[in-house]
Amino acid sequence: MRIGLLGTGNVARALAHGWSAAGHDVLLGSRRPEERTDVGLPVAGLSETAAHAEALVNATPGTISVELLHSIGAQALAGTLLIDVGVGLSDDFTELSHPNSSLGEQIQEAFPLTRVVKTLCTMDSTVMTAPDDLDGPSTVFLSGDDADAKRITGRLLTDLGWRPSSQLDMGGITTARGQEHFALLFMGIAGGLGAHTFNIKVVTRPSAG
């Protein structure tokens, strides 16, 4: 697929390299592409990246994501699969910018014709593209109102190493709140471990019989 990634930070770069290695055509989007010559992958402006993409990934800071998407325009994003991996956190990582909602919901509300899927926001960028490097399988979550968009996103997750058995569809976009609000627990766990390279696994009772 043609995948456009909005952002050039650690998350965008990790995902771009992961999908590129899987054979996808990736393009990173920046407000100042001429200054991003150290990425090792193609970089273009935001609108050009959105126009290129069959799947567009929001990997920008959650506090500015909606504003940035508005600069591209609702018409340009209509019908697009938008995979949102952003979380809005304060500079000291202690407060959420969407405490009673989620960035995923805010994007879907602002762009009703865009097919928004929330995923990959409960882990560090190193885990996003190398889940098998952890000491056992873990869980990646999906939230969104469009079933087909979630199926496509699931296939792209598989290309990053996430087996279908590790993917949990939680339902509509309102369930993105749970994914994003985990960020506060993530920071606590990271502080306790002294490391950010970990993930969680949903464990259930054994099936009867």
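Helices (H or I, at least four residues) and strands (E, at least two residues) are DSSP runs, numbered from the N terminus. The model is a predicted one, in which local features need pLDDT of at least 70 and side-chain atom pairs count only at pLDDT 80 or more, while totals for chains, interfaces and linings use all residues. Residues are numbered from 1 along each chain as its sequence is written, and side-chain values use heavy atoms, with hydrogens and water left out.

**Stop 1: the sheet**

Select the strands first: 8 of them form an open sheet of mixed pairing, in the order E3-E2-E1-E4-E5-E6-E7-E8. Its edge strands are E3 (43–44) and E8, each of which pairs on one side only. Two strands are taken to pair if DSSP finds at least two bridges between them.

Now select strand E1 (residues 2–6) together with strand E4, which pair in the parallel sense over 4 bridges; Leu6 stands opposite Asn58 of E4. On E2, E1 has a parallel pairing over 5 bridges, and there Arg2 stands opposite Asp25. Strand E2 itself (residues 25–29) is mostly covered, with 4 of its 5 residues buried, where buried means under 20% relative accessible area, exposed means over 50%, and partly exposed lies in between (1.4 Å probe, protein chains only).

E4 is joined by 4 bridges to strand E5 (residues 81–84), and the two run parallel. Across this pairing, Ala55 has Leu81 as its bridge partner, and Val57 stands opposite Ile83.

**Stop 2: helix H8**

Select residues 176–193, which make up helix H8. Why does the distance between the end C-alpha atoms of H8 agree with its 18 residues? The expected span is 1.5 Å times one less than the number of residues, so these 18 residues should span 26 Å, and the end C-alpha atoms are 25 Å apart.

Ala176, Gln179, Glu180, Phe182, Ala183, Phe186 and Ala190 are the buried residues of H8, and they pack against E5, H5, E6, strand E7 (140–144) and strand E8 (167–171), contact meaning heavy atoms within 4.5 Å. After the helix comes Gly194, with a positive phi near 75 degrees.

**Stop 3: helix H5 and two loop residues**

In H5, select the buried residues Leu103, Gly104, Glu105, Ile107 and Gln108; these pack against E4, helix H3 (65–72), E5, E6 and H8. Then select Thr114, in the loop between helix H5 (103–110) and strand E6 (115–119). Is Thr114 buried or exposed? Thr114 counts as buried because its relative accessibility is 3%. Leaving aside residues up to four places away in sequence, Thr114 touches Leu77, Ala78, Gly79, Thr80, Leu82 and Gln108.

Leu120 lies in the loop between E6 and helix H6 (125–128). Although Leu120 is not a glycine, its phi is positive, at about 60 degrees, and the residue is buried, with a relative accessible area of 1%.

**Stop 4: empty space**

Rolling a probe the size of a water molecule over the atoms shows where empty space is left. On a 1 Å grid over the protein atoms alone, a cavity is a set of points where a 1.4 Å probe fits but cannot get out, a pocket is an open set with protein on both sides within 12 Å along at least five of seven lines, and lining residues have an atom within 4 Å of a point. Grid points are joined across faces, edges and corners, and a volume is the space filled by probe spheres set on the points.

The largest pocket holds about 960 Å³ of space. Of the 36 residues that line this pocket, the closest to its centre are Val11, Ala59, Thr60, Pro61 and Val87. Helix H1 (10–21), H6 and H8 each supply at least two residues of the lining, and H8 gives the most, with 3 residues.

Finally, the structure holds 1 cavity of 30 Å³ or more, and about 60 Å³ of space lies in the largest cavity. To display its lining, select Pro131, Asp132, Gly136, Pro137, Ser138, Gly161, Trp162, Arg163 and Ser166.
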